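Thanks for asking me to look this over with you. Here are a few friendly notes to read alongside the picture.

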Amino acid sequence: MTDSSPTPSAVNAVPAKQQQLIQTAFALFYRDSIHGVGINQILQEAGIAKKTLYHHFASKDELVLAVLAYRDEVFFNWLEQRIRSASSKEDTVQHWFAALDDWFHNRVAELQEFRGCFFMHSAAEFTDPAHPVHQHCAQHKTRLVSMLSKHLGQWLDSRKAKKLADDLCLLKEGAIVCAQVQGNKKAARQAALIAQGLLISAH
């Protein structure tokens with residue numbers, strides 16, 4: 001899959017009203033689900049006229065895709081920044097799960113209150129793998145694996161880096177579900193302990 005997410009400069013270049021719509025829609029979708037939120041509710045919360053909405057987005061699905069792109073960029077930039085300073089593969093794993101632990105405990109202002117993975121929720125609402133929303137969610141997950149794999153590639157060969165990245169992302173997904181569904185806010189720290197065994201086999 002290709003990465004169609006916008007660059008940070010592209011996100012920053014979005015007109016103010018359009019960005020306001022996207023951010024308002026994200027907050028509502030993340031809290032109440034995409035199908036549970038109507039266009040009128042978004043307009044009321046954003047204080048924007050319907051004409052303005054349809055000037056920027058031809059349909060609700062177009063708005064949903066813009067919201068996914070917005071969340072993808074915010075989440076990706078945050079997580080990449082958290083592991084960028086790691087000085088070893090072991091340090092990378094520590095940074096990876098420490099970042100998740102901060103998210104689960106609402107210590108990451110730009111991600112808003114933790115309510116699980118927005119991309120998991122969205123893919124569950126658009127279950128057809130061919131639907132653009134579902135595909136965007138899959139691209140987000142692939143993008144995170146690629147980012148982590150590239151970073152681990154500083155200390156491992158490409159095959160081992162990709163395998164470890166896949167495994168760490170699988171642990172990440174499980175930790176997110178445990179934190180949201182079961183209320184287990186220690187899930188990231190538990191996953192970090194499990195990851196220590198993966199590091200041994202990655203040598």
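How are H7 and H8 oriented to each other, roughly parallel or roughly antiparallel?

1. Before we start, please keep in mind that this is a predicted model. Two packed helices are described by the angle between their axes and the distance between the axes, and that is how I will go through the pairs below.

2. Let's begin with helix H7, residues 118-125, and helix H8, residues 132-152. Their axes come within 8 Å and cross at roughly 150°. An angle over 145 degrees counts as roughly antiparallel, so H7 and H8 are roughly antiparallel to each other. As for handedness, H7 passes H8 in a left-handed crossing.

3. You can find this contact in the model through its residues. H7 brings Phe119, Met120, Ser122 and Ala123, while H8 brings Val133, His134, Cys137, His140 and Lys141.

4. Next, follow H8 to its pairing with helix H9, which covers residues 158-181. The axes of H8 and H9 come within 8 Å and cross at roughly 130°, which makes H8 oblique to H9. The crossing of H8 and H9 is right-handed.

5. On the H8 side, this second contact is made by Lys141, Leu144, Val145, Leu148, Ser149 and Leu152. H9 contributes a list that includes Ala161, Leu164, Asp166, Cys169 and Glu173. The residues of the contact of H8 with H9 divide into nine nonpolar, one polar and five charged.

Definitions and conventions
Residues numbered from 1 in each chain as written. Predicted model: local features only at pLDDT ≥ 70, side-chain atom pairs only at ≥ 80, totals over all residues. Heavy atoms only, no water. Axes fitted to C-alpha atoms, helices over the stretch in contact; angles between N-to-C directions. Helix = DSSP H or I, 4+ residues; strand = E, 2+ residues; numbered from the N terminus. Parallel < 35°, antiparallel > 145°, perpendicular 65-115°, else oblique. Left-handed = near helix turned anticlockwise from the far one by under 90°. Contact = heavy atoms within 4.5 Å. Nonpolar A, V, L, I, M, F, W, Y, C, P; charged D, E, K, R; others polar.
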